[in-house]
Amino acid sequence: MTTGRGHRVSPAVAAGPLEDDNVLGEILVRLSPEPSSLARALVCKPWGRVAASADFRRLWRDRHGRPPVLGVFDKRMTTLLFTPGLQAPDRIPRERFSLQVCSEAAWNTWCVLGVRQGRVLIMNWTLREFLIYNPFSGERRRVSFPPDLSLPPDEFFDDAYNANGALLWDDEQSPLKLVLVACSGRTRVEARVYSSETGTWGDIISIPEPCRLTSVPVTVVGNRLYCWLKRPGNSILEFNLDSQTLALITRPPRANLKSRNCRIIPGEDGAVGLALFMYPAIELWNRNINSHGVATWVLRKTVILDSIFDLAPSSTGTWRSLVVGYAEDANAILISVYKEMCIRAFMVQLESMQCKRIRGHFLNDVYHPFASFYAAGPSTLQILARGNNDGGAGGGQA
């Protein structure tokens, strides 16, 4: 090999394309989005370093779009239990992501508020704190309740929650925000925002209307958060982060619209939407606002899914259905279709309407699908190297 000045360079010294981080990144980003494909390609530490960089993670997200749903979290007594959603070699063992949250004496004083951007948000009344759990790294970050927050346990743990919340951040280098929405007694609902940059909770934002929240996780659409309400029964609570205001908006004029068959989702053109599933049809609604500021709900799409589910007709009964979870990062709903003793669970991606069977019985509670690309680096290799045998809940007590 000859340089521009005529000097010869030994082939052993000349850098090949795979030694150029930019070229290597462009090659790795073209791998299949299946979780195991990247881990199998990381054959040496320099390649792992490239794949673990923030620039590469951005390239990966830009190329592959929505992340896959890796499994489902739900509360089982004292344990945050992970149910794998993929098959080998992409299957994550149950014990790798499950977490012992508390002792048996405190099993009924914690709940999962939601899963967003690769983190699980847990609210623990006994400890008066939020736990932010990263399943990949095992990192657990704690944020104390606002000092003046008052939620009596006998009101918090009934059929309607007195509090809900969500995590927000642009990337791992930006400050984390935690949004808390809570009912103060039976007179008003209020919201406040915690920032990791200051380590403090912001001012209280409230409206006088009496509301009751539900255990359905908050949905984030742009700069707004939406909470499904138990009361008033025809309303959704909207928290505008930019204007720091709360408001009640009405639901679509659709019969049988309940939290057990519906989820709040991002709509078209930055608006809020709803996904309603009543077997065998999914309806997608959009809340449009005209030039005069008048909002109307519009049914924009109906999709019949019976052929996709491939469920044989029954002479002994009809199939019934529930929406039991929503993966905001993947824009996919977790649904259960059941009759008698037969239960089938599916993840339905709402843009493509692709449907994937999930092994497990999901009927009784709110579940939390976990969607994420594998984080490249040592933790990824360790997770895959441990095999695909399901075991007991691991991770230690938080």
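User: A salt bridge is a side-chain nitrogen of Lys or Arg within 4 Å of a carboxyl oxygen of Asp or Glu. How many salt bridges does the structure hold?

Analyst: This is a predicted model, in which local features need pLDDT of at least 70 and side-chain atom pairs pLDDT 80 or more, while totals for chains, interfaces and linings use all residues. Residues are numbered from 1 along each chain as its sequence is written, and side-chain values use heavy atoms, without hydrogens or water. The number of salt bridges in the structure is 11.

User: How many residues apart in sequence are the parts tied together by glutamate 238 and arginine 224?

Analyst: Glutamate 238 and arginine 224 form a salt bridge whose closest N and O atoms are 3.5 Å apart. Glutamate 238 belongs to strand E16 (residues 235–240) and arginine 224 to strand E15 (residues 224–231), so the pair ties together parts of the chain. Strands here are DSSP runs of E with at least two residues, and helices are runs of H or I with at least four, both numbered from the N terminus. The separation in sequence is 14 residues.

User: Is glutamate 129 buried or exposed?

Analyst: Glutamate 129 forms a salt bridge with arginine 142, with 3.0 Å between the closest N and O atoms. Arginine 142 is partly exposed, with a relative accessible area of 40%. Buried means under 20% relative accessible area, exposed over 50%, and partly exposed in between (1.4 Å probe, protein chains only). At 12%, glutamate 129 is buried.

User: Which residues are linked with Arg188 in a network of salt bridges?

Analyst: The side chains of arginine 188 and glutamate 190 meet in a salt bridge (3.0 Å, N to O). Arginine 188 is partly exposed at 33% relative accessibility, whereas glutamate 190 is buried at 9%. The network links Arg188 with Asp148, Glu190 and Arg192.

User: Which residue of E5 stands opposite valine 115?

Analyst: Seven of the seven residues of strand E4 (residues 110–116) are buried, so E4 is largely enclosed by the rest of the structure. E4 pairs with strand E5 (residues 119–124) in the antiparallel sense over six bridges; two strands count as paired if DSSP finds at least two bridges between them. The hairpin of E4 and E5 has two residues between the strands, and its glutamine 117 takes a positive phi near 50°. The residue of E5 opposite valine 115 is valine 120.

User: What separates the C-alpha atoms of arginine 58 and valine 29?

Analyst: Arginine 58 lies in helix H4 (residues 54–64). Arginine 58 counts as partly exposed, at 37% relative accessibility. Arginine 58 and valine 29 are 29 residues apart along the chain, and their C-alpha atoms are separated by 9.9 Å.
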